[in-house]
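Here are my notes on this one, jotted down in the order I'd go through it on screen. Have a look at the model alongside them.

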Amino acid sequence: MAELTERESGELGRLLQRVSAAVTEVMAPEQVYVCLWSHAGGVPGHIHFVVQPVGRRDMARFDAFGPALQVAMGGAGCFPDAAEVEQVCERLRQALA
């Protein structure tokens, strides 16, 4: 991140804002987490941005929030199935068009 140019960081900020707004519109979560993960196997490597809709139900189910919620959900294998992902992606494409 420190190596981004001003232009690149401006474009990244705008992209993250647009995607967060689209996730909010499509999924109607209580809030949207936007996180940067940059370790692979404990070694800095490539960068992942996670844009995750979160609701009270998730926080109550796992009795956690923030990074602890993400870890708990991942540890429990709490991932949507492929058909659900496709449906949400189509709605996001429309929101971002």
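1. A quick definition before the helix packing: axes here are lines fitted to C-alpha atoms, for helices over the stretch in contact, and angles run from 0 to 180 degrees between N-to-C directions. On that basis, α1 and α4 pack with their axes 9 Å apart, at an angle of about 120°.

2. As for handedness, α1 makes a right-handed crossing with α4.

3. Bear in mind that this is a predicted model. Confidence looks like this: the mean pLDDT of the protein is 93, and 100% of the residues reach at least 70.

4. On the overall layout, the protein has four helices and two strands. Going along the sequence, they come in the pattern α-β-β-α-α-α. Along the principal axes, the C-alpha atoms fill a box of roughly 40 × 35 × 25 Å.

5. Now the largest pocket, which holds about 810 Å³ of space. Its lining is made up of 22 residues, and those nearest the centre are M27, V51, Q52, P53 and P80. Two or more lining residues come from each of α1 (6–27), β2 (43–54), α2 (56–62), α3 (67–75) and α4 (82–96).

6. What is the make-up of that lining by class? In the largest pocket, 15 of the lining residues are nonpolar, four are polar and three are charged.

Terms used. Residues are numbered from 1 along each chain as its sequence is written. This is a predicted model: local features need pLDDT of at least 70, side-chain atom pairs count only at pLDDT 80 or more; totals for chains, interfaces and linings use all residues. Side-chain values use heavy atoms; hydrogens and water are left out. On a 1 Å grid over the protein atoms alone, a cavity is a set of points where a 1.4 Å probe fits but cannot get out, and a pocket is an open set with protein on both sides within 12 Å along at least five of seven lines; lining residues have an atom within 4 Å of a point. Grid points are joined across faces, edges and corners, and a volume is the space filled by probe spheres set on the points. Ala, Val, Leu, Ile, Met, Phe, Trp, Tyr, Cys and Pro count as nonpolar, Asp, Glu, Lys and Arg as charged, and the others, Gly among them, as polar. pLDDT is the predictor's confidence in each residue, from 0 to 100. A crossing is left-handed if the near helix is turned anticlockwise from the far one by less than a right angle, and right-handed if clockwise.
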